[in-house]
Amino acid sequence: MNPVPVSLPFTDRSEAGRRLAERVRAYAVNDPIVLALPRGGVPVGAELARRLDVDFDVLVVRKIGLPGRPETGVGAISEDGHVFFDDQALARLRVPRQALHDTVEAERAELDRRRRVYRGERPAPRIAGRDCVVVDDGVATGGTARAALRMVRQAGPSQVVLAVPVASPEAVESLRDEADALVVLSVPENFHAVGEWYRDFGQLSDGHVTAILAERGRVRPEENTARAVRIRAGQVYLDGDLTMPSALRGAIVMAFGEGRTDPRWRAAASVFQRAGYATLLLDLWTDASAGADGDDARTMGERLNAAVTWLRRATDAATEPLGVFGAGAAAPAALVTAAERPQDLGAVVVYGGRIDLAEPSLSQVRAPSLILLESSDSFVRELSEWARGRMSAQTDLRVVSGAEQLLQGAQEWRHTAVEALDWFDRHLAPRTD
């Protein structure tokens, strides 16, 4: 977590959600969902989910305060019924757990009431296997956030992220080990209360929360259509997976030597799909060719070219802006295809691979091309810089920190998808012809 300087105070909770969005985007990749803590976290989370176009719901957690001093948090109750005590705070205040029995029961009853009001008979959101972003309007002591994070963790998410506009230094330190990532916009040294960092920090009612949930639709309906495809390319057939969003703004062909079924690349494709791009995930190697000509950039480029032609003819993407993402062995093929279709491809992203193998085609590449390196290894970088120098197109070269561990499951691969999406968004302008 690296807080960045921000202008404080925030205008209101919605503005705070907007300012969180770009910092959170890299963590919201694998079937993401934003889970807001009522009541204050709901307008923050709703705006964040709207900006990222991801699922949104609430996570009901209640703070346990000292009897007679409810503002002093010494624990929390999560929606699944677990009670978490801040034993350090209790020891410091010389309060035994038993003294909080009545408070715990009262808060448990209030939690049940709120759960019924906010969710009714609707089941709790699915968490297993998803990137879960837990959101609140700020964190003072960390007790409520800790209970929420532990509850989410027990449900088996892909990763759990805590995202808040402002937090005390003590809370940040105490929560570091509770989440896979902390996204905090500001950690003021003179922190006293969350509300002092907002110009408008009006109290929210259950009505406010239910209205926001109704407006957001809680969980977005599934609107993508997906199907397996086989594409003829010369004497071979290529296996692929095509996904078409209902609101189409462009298409991206994601090419690999083999690897289209890797869940990490499928999650990366979902980033493009949520942004409105159709995706065609394609393996350029076949059982017959992988050992013979699978490393031939020209042959693989011809196959990728055939796939682009098929996509144009057989789908609704016939007139949409088109980009190509080539990874590993398919990286040089992406540049070969770009050279052969200068009027058709609007942008190229290559990840890893020996793009110098596309040398005969490099000077003909016209599409803006982003070169993402798996590591800062000097030899790999020198080859990539050499290839880049032979391209007449606009280019950029970036090292994706930690991406050399992609196949071992490092979470930094998520940044690869976000970097690629940013490049496609910038360069795939709508066609006007």
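Arginine 39 sits in the loop that runs between strand 1 (33-36) and helix 2 (41-52); helices (H or I, at least four residues) and strands (E, at least two) are DSSP runs, numbered from the N terminus. The peptide bond leading from proline 38 into arginine 39 is cis, with omega near -5°. Arginine 39 also belongs to a network of salt bridges that links Arg39, Glu110, Arg113, Arg114 and Asp206. A salt bridge here is a side-chain nitrogen of Lys or Arg within 4 Å of a carboxyl oxygen of Asp or Glu.

This is a predicted model, in which local features need pLDDT of at least 70, side-chain atom pairs count only at pLDDT 80 or more, and totals for chains, interfaces and linings use all residues. Residues are numbered from 1 along each chain as its sequence is written, and side-chain values use heavy atoms, with hydrogens and water left out.

Most residues other than glycine have a negative phi, and most peptide bonds are trans. Two aspartates have positive phi values. Aspartate 31, in the loop between helix 1 (13-24) and strand 1, has a phi of about 45°. Aspartate 53, in the loop between helix 2 and strand 2 (55-58), has a phi near 55°. Aspartate 31 is partly exposed, at a relative accessible area of 33%, and aspartate 53 is partly exposed with a relative accessible area of 33%. Buried means under 20% relative accessible area, exposed over 50%, and partly exposed in between (1.4 Å probe, protein chains only).

Side chains of opposite charge can pair when their charged atoms come close. The structure holds 33 salt bridges. One of them joins the side chains of arginine 130 and aspartate 55, at 2.7 Å from N to O. Arginine 130 lies in the loop between helix 4 (101-119) and strand 6 (131-135), and aspartate 55 in strand 2, so this pair ties together parts that are 75 residues apart in sequence. Arginine 130 is buried, with a relative accessible area of 4%, and aspartate 55 is buried at 8%.

Within helix 4, aspartate 112 and arginine 115 are three residues apart, about one turn of the helix. Their closest N and O atoms are 2.7 Å apart in a salt bridge. Aspartate 112 is partly exposed at 23%, and arginine 115 is partly exposed at 27%.

Aspartate 283 pairs with arginine 260 in a salt bridge, the closest N and O atoms being 2.9 Å apart. Aspartate 283 is in strand 12 (residues 277-283) and arginine 260 in the loop between strand 11 (250-256) and helix 8 (263-274), so the pair ties together parts 23 residues apart in sequence. Aspartate 283 counts as buried at 10% relative accessibility, and arginine 260 is buried at 15%.
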